[in-house]
Structures are given as structure tokens and as C-alpha cells.
Amino acid sequence: MSEIVVHRFKGWGIFNHIVLYFTIGCIFGTYWEEIMCIVRTLWQTGTFEWVSRRGLLYGPFSPVYGMGAVLIYLIFGTAFRKKAPSIPECFIGGAVLGGVLEYVLSWAQEMLFGTISWDYSEKFLNINGRTTIPYMIVWGALIVVFAHFVFPLIEKFYRSITPRTMNIACAVLGVFLALDIGISVLATARQSMRRAGNTADNALEVFLDKYYDDERMLKTYSNARTVQKQK
């Protein structure tokens, strides 16, 4: 296991780490999902098919994984503690955290937008179709790898960049991600309103209908499925 020097981060350091790990998690999750889709389709049909699994309108970003990466880093990372938790602690804690995160985000998406992006109802040992025990085990294994091997490498890279350069880069990236998340949430909410038959009543809704119509939203969020909101 790699060891790193411990620094108590404040201000810009905390912000930079949140942005950095959120971005890494988003990108990793997007391509992980897309590659798994390719492998599954090849195995089942023998054909190659690339399906978008991103969660934001701009860039290869999946916020579910981004939020997971930040939580994992804060809980299991080594920048705020002397060393990473033990492998059993990472595995068990990571499995529970991954399952809870998947479950809560799936429920929140359904409540807010009337859609779900994953449904494990047909999977073995699923929990209300929102997560599964086998997937939680995968989460645990991934967190062991990240906490003990990937995080130290990222920290080494972080400290190889001058603070000023890192501050500027993370500030620009943070603003971009905030705007990307904002427009993605607005466009998704407006799509839900269109499904309910609500016509555009103001300039913002007209703008969203023009530039983020159902065709574009379906192309971006091809895995989203409409469901009835629970009462």
C-alpha cells in the first residue's frame, strides 16, 4: 500500500479535492457503465452498440458516481487521516455506502422527475429494485482498490501541481460543473412537465423546450424510464 504525507486541508484545498474527486468519479462511472453495456450487448446479441450512460447534458459526467467518489474519499481517503481504513473496513463500509447511495438516488430521481435510470427488479438479491447485494459487494471491492491504491496516486499528482494552477483549474471546472448540473436539472424537470401536458408559460420554459426537447433528452438519457410517482 502506498503511503502519503498527511496534510490538513483548508479552504481551497477542500474545494479542490471535492471538485477533483467528483470529476474523476463522474468520468469513471460514465465510461464504466458504457463499457459494461457494450460487453453485455456483445455477449447477448453479438453486436456492438454504444449507448450513452452520462448523467449531465454536457460532458461524460455521471453525478451518481461523482457524489459517490466524494463520499468515498471523505470517509475512506487518506488526506484527512494518517492512513486508509483497513481492507475489511473499506469493504464492509463501502458495500453499505454504495448500496445506500444507489437506493437513495434512485428514489430521489423517481420522486423528483418520475423516471428511473436503473431497475434491478429482475436481479438476484435486489432491494426494491434500487440496488442489489451483489452490486454492493462490487462497491465494496472497488472502494478497497481506490482507498488503498488509487487515492494515494491521485494525491501524489495533486501535490505535483502548483497551488495556484490547481486553484484556477478547479475553480473553472467547478463553475462549469455547477452550470452543467443546473441546466441538466432544469431540462429534466421541464421534460417531466411536458409529459404531464404542461405548456411553456415563461421565457425559461420556452428556451428549454427549444434547445432541450424530448428528442435531445432521449438521446442523452437513453436509459431513463418513465414510472408512476409513488404516493
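Phe 176 is partly exposed in this predicted model, with a relative accessibility of 38%. A search of the whole structure turns up 11 aromatic pairs.

**Tyr 21 and Phe 151**
- The ring centres of Tyr 21 and Phe 151 are 5.1 Å apart.
- Their planes meet at 85°, so the pair is edge-to-face; the cut-off for that class is over 60 degrees.
- The pair links distant parts of the chain, 130 residues apart.
- Tyr 21 sits in helix α1 (residues 12-45), and Phe 151 sits in helix α4 (residues 133-160).
- Tyr 21 and Phe 151 are both buried.

**Phe 61 and Phe 176**
- Phe 61 and Phe 176 also form an edge-to-face pair.
- Their centres are 6.2 Å apart, with 65° between the planes.
- Phe 61 has a relative accessible area of 7%. Buried means under 20%, so Phe 61 counts as buried.

**Aromatic cluster**
- Tyr 21 and Phe 151 belong to one aromatic cluster with Phe 28, Trp 32, Tyr 73 and Phe 146.

**Charge over a ring**
- Arg 130 lies over the face of Tyr 103.
- The distance from the ring centre is 5.7 Å for Arg 130.

Key:
Residues numbered from 1 in each chain as written. Predicted model: local features only at pLDDT ≥ 70, side-chain atom pairs only at ≥ 80, totals over all residues. Heavy atoms only, no water. Phe/Tyr/Trp six-rings, centres within 6.5 Å; stacked < 30°, edge-to-face > 60°. Helix = DSSP H or I, 4+ residues; strand = E, 2+ residues; numbered from the N terminus. Buried < 20%, exposed > 50% of the residue type's maximum accessible area, 1.4 Å probe, protein only. Lys NZ or Arg CZ within 6 Å of the ring centre and 35° of its normal.
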